[in-house]
Amino acid sequence: EKKPVREFDDALKELFGKVNKLVKSDRTKAFAEYAKGTRALVKEFPGDARPFMLMLEAGGLVKDKKEGAQLTKNATTGILDVLKKDPKDQNGLTALMGLAGSVEPKQAKVYFNRIVENGDEALVGQAKGQLWRLSDPIGKPLGLKFTAIDGRKIDLAKMKGKVVLIDFWATWCG
């Protein structure tokens, strides 16, 4: 007789329940159990990016740095494999967002651009914000061109040396 198939959320609650009980008495043991649990979830839910997100987190929590590096490597490979099969997988792109926070800026930019190309509106906004932050914008001129309300074409680059006040508003603002 076949075992009933669990939903991911049920499996996750079960894992978190085990880990939470252990955290109170032995954090090292709890994080080791978390790592073990993420490996099991990857096997139970193949093709789903969510277990790899958890595995990535576990890689940073386990005491053994070698094991942590292996978990991170496996999570990275898994996330990228999910996105290779479906570049628009929102769980995969969310996992990629987390992964981008743990890599060198050059690689992070590649990941953020991938999210911008394929993500939903909220995720794209986050990725664009991170790309802006990585561009080191503080103290650099703002490249802004627009059409003013009276129809004039405005280019801030042409106003160099002048004091410019920009008031951002919307029609629904008081």
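Which residues lie nearest the centre of the largest pocket? The legends below take up this pocket and the aromatic pairs. The model is a predicted one, in which local features need pLDDT of at least 70 and side-chain atom pairs count only at pLDDT 80 or more, while totals for chains, interfaces and linings use all residues. Residues are numbered from 1 along each chain as its sequence is written, and side-chain values use heavy atoms, with hydrogens and water left out.

**View 1. The rings of Phe-8 and Phe-45 form an edge-to-face pair.** Their centres are 5.4 Å apart and their planes stand at 80° (rings of Phe, Tyr and Trp, the last by its six-membered ring, pair if their centres lie within 6.5 Å; planes under 30 degrees apart count as stacked, over 60 as edge-to-face and the rest as tilted). Both Phe-8 and Phe-45 are buried (under 20% relative accessible area, with exposed over 50% and partly exposed in between, using a 1.4 Å probe and protein chains only).

**View 2. The rings of Phe-16 and Tyr-34 form a tilted pair.** Here the centres are 6.1 Å apart and the planes are at 45°. Phe-16 counts as partly exposed at 35% relative accessibility, whereas Tyr-34 is buried, with a relative accessible area of 3%.

**View 3. Phe-146, Ala-148, Ile-149, Ile-166 and Asp-167 lie nearest the centre of the largest pocket.** A pocket is an open set of points on a 1 Å grid over the protein atoms alone, where a 1.4 Å probe fits, with protein on both sides within 12 Å along at least five of seven lines; lining residues have an atom within 4 Å of a point. The lining of the largest pocket consists of 15 residues.
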